[in-house]
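These entries record what I looked up in the structure, one site at a time.

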Amino acid sequence: MAPERRTHVLHLIDSLAPGGAEQSLVALAPSLGPLGVDLEVAHLRPEAPLAPALVAHGISVHEVGGSGRVQWVRRTRSLLRARQPDLLHTTLFEADQAGRVAATLARVPVVSSLVNVPFGVEQRADRSLSSRRLLGARVLDTVTSRRVVRFHAITETVASAMTERLHIAADRIDVIPRGRDDLVLGRRSRERASATRGRLGIAPDRPIVLAAARHEHQKGLDVLVAALTRVDPALRSRLVIAGRRGNRTSELERQVATAGLDPATTLLGARDDVADLLAAADVFVVPSRWEGLGSVLIEAMALEAPIVASDLPAVREVVRDGVEAVLVAPSDPDALARGIERCLVDRNAAAQRAGAARARFLERFEIGPIAEQTAAFYRRALTAAGRS
């Protein structure tokens, strides 16, 4: 039963492009209303292909617009004064920075989601990020985080890392994983897999190895392409990568072509049918170098796609090696190749792990309990801000 006093929350995010944080917001939003949360969503950048999904559920969506942090702060402050929410909830770096400052100016309490593990040794290996830029971002994030009344972290791994890196007291962080609606995702079936294969032009007897991630250093897609060249050719596996273009797109396209694969049929770009792809996949791979959680991993669990993933702390919070997934050393193409082969050679064992993964999804990541935890988080934040 929803509480008598409703909570008006404005959720500010960088964009509504199809990324993990954005998809998670869209999945969660419809379940908050019955729990006493009146949610509105605002995005800084104009990219918003996910906006119609929110509007379809009666959720107001606002484009902040402008270019650069100064304009984002001013326009977010104006939006806060116009909408007068009880709380501002920020997600992703630019929304965090603009939103925290704007909320302070508008005298609105602010909460922030911690969804990744930035500012560590992992990021220093990314050639697209300079050390000076990383340090500046970390200092800015640390300073603005002082304005946050409570934080939400998607895993204990993220909470622990950011407690240290942003000097946040551990008791200011609530750990709530991302969730997905099982009814929206649907179920795995031969008919669904067959229809998806038909759209992709892949024969019924050819194993599909799937990844779904944007083209960034973090996601380790280059490791996956290298691994596929080391998988036994007799297994006839077909690599399919769904995901937005990014800093590594050109490099990835060259690597795919060098491996003798067709970039046009291997790199599918952003897709709105990832659930269908998962339902057809014989192996789903998460080759990331680091992760906060990995939302599509949860979707793979729900749709019983056999999983091979990097053995990372955040991933181990979601799936267990040999129980729900095969976990391998990050950045190791040989280990990743052996993990893929393990799924393709012993299909019965892979199916058993996939079944266990679905059971774990239903127990820990179905959207209903996640929404209840989020609504309770908002109530705790209002109490911390003295506005309960």
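Predicted model: local features only at pLDDT ≥ 70, side-chain atom pairs only at ≥ 80, totals over all residues.

Entry 1. I then placed Asp174 in strand S7, which covers residues 173–175.

Entry 2. Which residues does Asp174 touch, not counting residues up to four places away in sequence? I listed Arg150, Phe151, His152, Ala153, Phe377 and Arg380. For one of these, Arg150, I also noted a polar contact of 2.6 Å between its side chain and that of Asp174.

Entry 3. I turned to strand S5, residues 110–114. Five of its five residues are buried, so I recorded S5 as largely enclosed by the rest of the structure. In a regular strand, side chains alternate between the two faces of the sheet. In S5, I found Val110, Ser112 and Leu114 pointing one way, with Val111 and Ser113 pointing the other way. Both sets are buried.

Entry 4. How many bridges join strand S4 to S5? I counted four, and the two strands run parallel. S4 spans residues 87–91. Opposite Ser112 of S5 I located Thr90.

Entry 5. I finished with a nonpolar surface patch of about 280 Å², made by Leu135, Val139 and Val143. Val139 belongs to helix H6, residues 131–144.

Notes
Residues numbered from 1 in each chain as written. Heavy atoms only, no water. Patch = residues over 30% accessible without salt bridge, like charges linked within 9 Å, V, L, I, M, F, W, Y side chains within 5 Å. Areas by Shrake-Rupley, 256 points an atom, 1.4 Å probe, with all protein chains shown as cover. Salt bridge = Lys/Arg side-chain N within 4 Å of Asp/Glu carboxyl O. Polar contact = N/O pair within 3.5 Å; in protein donor to acceptor, adjacent residues only side chain to side chain. Contact = heavy atoms within 4.5 Å. Buried < 20%, exposed > 50% of the residue type's maximum accessible area, 1.4 Å probe, protein only. Pairing = 2+ DSSP bridges.
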